[in-house]
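Hi,

Here is the structure I promised to pass on to you. Have a look at it first, and then read my notes below.

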Amino acid sequence: MSKINFTAYFILLLIIFVFMIFFFGLKNNQKYDTRDNVGKQISEFELTSVKSNNILTKSDLDKSNFKLFNFWASWCPPCKDEHPFLMKLNKIDKLKIYGINFKDDTKSAKKFLVNLGDPYDHLLLDETGKSSVDFGIYGIPESILIDKNLIIIKRYIGPINNKDYEEINSLVTK
Amino acid sequence: MISIFGNSLIILILLSTLSIIYFSFNSITSLGINISKKIYHLSLLQVTFVVTCLLTLIVGFIISDFSLTTVFENSHTQKPLIYKIAGTWGNHEGSLLLWITLMVFFNFLFLVYGKKYEKKFMLFSLISQNFLILSFILFLFFTSNPFLLINPAPIEGLGLNPILQDPALAIHPPLLYIGFVGSSIYFSSAIGALISNLPAKEFAASIKNWVIFTWFFQTLGIFAGSVWAYYELGWGGFWFWDPVENASLLPWFCMTALMHSIIVLEKKGQLYSWVLILCLMTFVLTIAGTFLVRSGILNSVHTFANDPTRGLYILIILLLACLVSFFIFIKHSRGNSIQGYNLDRGTFILSNNWFMIFYLVTVFLGTVYPIFTEVIFNTKISVGPPFYNTVIIPFVIVFLILMSLGPESKWIKTKFPIRKLLTILILSFVLNLIISVIFKSTSLISNLIFITSFFLIIMSFLDVIKLIQLNKITLISRSVSHLGFGLLILFIGLNHNFSKEYDVNIKTGEIKKLNNFDLKFKDLKLTNSQNYKSIIGNFELKDNDKNFIKELKPEIRIYQNPETLTYEASIKSTIFNDYYLTMSNLQNSEYYNVKVQVKPFMSWLWLSVLIMSLGGFLRLFYKR
């Protein structure tokens, strides 16, 4: 009899535990939505830089310029579409472009940049894709524009087009 | 007008439910063997009210009465009639009303067909069922009233999400709900049986057909959802391990387990407690699934308008259902000893249960794990197909073997026909070898899946033949279901291993070479339909080996209300392959991104699900 009681108590506790989790999960209810990130400072990150082979973190970012974080991969066709605009953006002095290579093979990424040109001031690797998700990325290509105080001022979901280019240009040079 | 009418009907349903509960309690102690006529009449009234209520809402949708919030948010005058009607359950409020309608309907049918059972059992079941109905009506009325008014009424509605405007999806919720909601009947029966001490075999007899009936519809409901995902979502897949798909699968595992263990209960009177637990669990899992889907606690393709108060409400219903059934079970369960088992048929049937529970736990953990990590560790994770595939597939192999051997076993003493089994096993190896030769390399685990599913298919097929020869048509249901399941696993395996996928950017007039296919983009056409515009691509896919040409016409649809783009796959099915093509536009470019998939045995896969559910359907006509 005591054995049955023990099992019963255990199951009861388990039920209560699950319900507590559900209850708090309900309160926690934040949808995964990157729009909320605009106006907030970027979160901490650690990414390997291709040039120096060092780990780059949030504190390493230089605070004198605007920065565009562009998430891309060589296997992503729309990334090719936006490439010419990134090349154009590269010519803006006050803007540094950080390319975050998402779940990609480094060799093909390098080949991609050799063939089409390299618009990035810094190329960072995110082989597992985890850091990009921490940035709040939906999919690639996606870009976030960060001001001197590391605040996200604009997100571009999908490939950057001419209109976006004009907008970034005016935001940065104003 | 409709609003007042609808709201009054909800009140009437509420009142009739309360009176059924009241009179049932009253008549428990009363003399007489039969349930009083009053309760029958009240139930009939309850059904009438609820059906009228649902019809009222449907009328609201048909005449596009935008003074109703629900109609305004989910319909549009330009929508074809069928989708206006289907729109009734394409949203949270309406689907909940459908849910309640079915619940009441099942209650009534249970009452009518249950005349021959003990009065006390019937009354307690009735009380339990009506408490469930009551809790859902209160939920509907206070958090999700479909008859809420907007003043002044808008002239035009916001429209139904275009991806929901699909025939498979119009029937998906009703089918699924018959399964889901039907399980409330055996939840209530279990409560009734526990309190009234109903004998085991009588309980088995009273719920058996309900279990089979709901299993049949649940299977078809999941099937329709899968078909929809395949045609509409444009990924070319039919199962994504999405939390909502999982939520529909959890009660299905339970029902399947129940369907098997109930045979043992009926035959031998064993496993009574276990069957009761399964009965209670099926509906508890159904509510749990509802909670996961509608509270917004998980993100998935099934986006209902989420509202935390609704979530809280369902959580309360879930908690009550869980605790009440738990305590009633503890208090009334007599605990039955499981006798020493020989390797008889009961053991095999029980092994089905172990597997079902294993699958259930796996899928449940995979589904709720992200919620746990988020609450406890504050990290977001997602559990994807690799988890399910890794954990489940190896067990499917053992499962298939037991499923093949089970029907060979007898109730008393089993001697397996070793020679026959070996022959079939060898045959399965040979068939697997043929597959390997035709399609080239596959992994070890796929080979095992193929061998064991062939084994099951052949065994079940021989069974079907034998029963037909013996003229025992009524007995073939099990073999048909097992045959369907074997085929399903085989075709999923083949499909998974041998699908091909190509991704190209192409512009009109171009020809691209994809292995042994030539893809030609002939032209683009613009058309206008009733509620959308579409860009239709005209493609030609030429197979250079087999020398045939398939014309494929994928679409990009631009819906106005609400303004949405959808990508319609173009699918050409042949006997052995599905050719699946989707196209999407690339911004600022004359190129289109085109995805070509060649998916073997799709039609066979669908057919095997139908065969499987047909088995269940046949069982309904089985008489001893």
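Let's start inside chain B. Strand β6 (residues 555-559) of chain B has four of its five residues buried, so the rest of the structure largely encloses it. A quick word on terms: a residue counts as buried if 20 or more other C-beta atoms lie within 10 Å of its own, as exposed if 12 or fewer do, and as partly exposed in between, with C-beta atoms placed from the backbone. Strands (E, at least two residues) and helices (H or I, at least four) are DSSP runs, numbered from the N terminus.

Before going further, please keep in mind that this is a predicted model, in which local features need pLDDT of at least 70 and side-chain atom pairs count only at pLDDT 80 or more, while totals for chains, interfaces and linings use all residues. Residues are numbered from 1 along each chain as its sequence is written, and chains are lettered from A and ligands numbered from 1 in the order in which they are written.

Chain B has a mean pLDDT (the predictor's confidence in each residue, from 0 to 100) of 87, and 95% of its residues reach 70 or more. Where pLDDT is low, the predicted coordinates should not be read in detail.

Chain B

Back to β6(B) and its partners. Two strands pair if DSSP finds at least two bridges between them. Strand β4 (residues 532-543) of chain B pairs with β6(B) in the antiparallel sense, over five bridges; here B:Ser534 has B:Arg557 as its bridge partner in β6(B). β6(B) also pairs with strand β7 (residues 564-568) of chain B, again antiparallel and over five bridges. In that pairing, B:Ile558 stands opposite B:Leu565 of β7(B).

Then there is an open sheet of four strands in chain B, in the order β1-β10-β9-β8, with antiparallel pairing. Which strands sit at the edges of this sheet? They are β1 (500-506) and β8 (570-573) of chain B, each of which pairs on one side only. On average, neighbouring strands of this sheet are turned by 15° against each other, direction ignored (the axes are lines fitted to C-alpha atoms, for helices over the stretch in contact, and angles run from 0 to 180 degrees between N-to-C directions). Within the sheet, strands β9 (residues 577-585) and β10 (residues 592-600) of chain B pair antiparallel over nine bridges, and B:Asn577 stands opposite B:Pro600 in β10(B).

Zooming out, chain B has 17 helices and ten strands. Its radius of gyration is 26 Å, close to the 25 Å that the globule rule gives for 624 residues, so chain B is as compact as a globular protein of that length. (The radius is taken over C-alpha atoms, and the rule is 2.2 Å times the number of residues to the power 0.38.) Of those 624 residues, 46% are buried. The C-alpha atoms of chain B fill a box of roughly 85 × 80 × 55 Å along the principal axes.

Chain A

Chain A has five helices and seven strands, and along the sequence they follow the pattern α-β-β-β-α-β-α-β-α-β-β-α. What does the radius of gyration say here? For chain A it is 22 Å, well over the 16 Å that the globule rule gives for 174 residues, so chain A is more spread out than a compact globule. Its C-alpha atoms fill a box of roughly 80 × 35 × 30 Å, taken along the principal axes, and 29% of its 174 residues count as buried.

Chain A is divided into domain 1 (1-30) and domain 2 (34-173), with bounds from an automatic or database domain assignment. The C-alpha centres of these two domains lie 45 Å apart.

Seven strands of chain A form an open sheet with mixed pairing, in the order β2-β1-β5-β4-β3-β6-β7. The edge strands, each pairing on one side only, are β2 (55-57) and β7 (152-157) of chain A. Neighbouring strands of this sheet are turned by 30° against each other on average, direction ignored. Strands β3 (residues 66-72) and β4 (residues 95-102) of chain A pair in the parallel sense over seven bridges. Among the bridge partners in β4(A), A:Tyr98 goes with A:Phe69, and A:Leu95 with A:Phe66. Six of the eight residues of β4(A) are buried, so the rest of the structure largely encloses this strand.

Cheers
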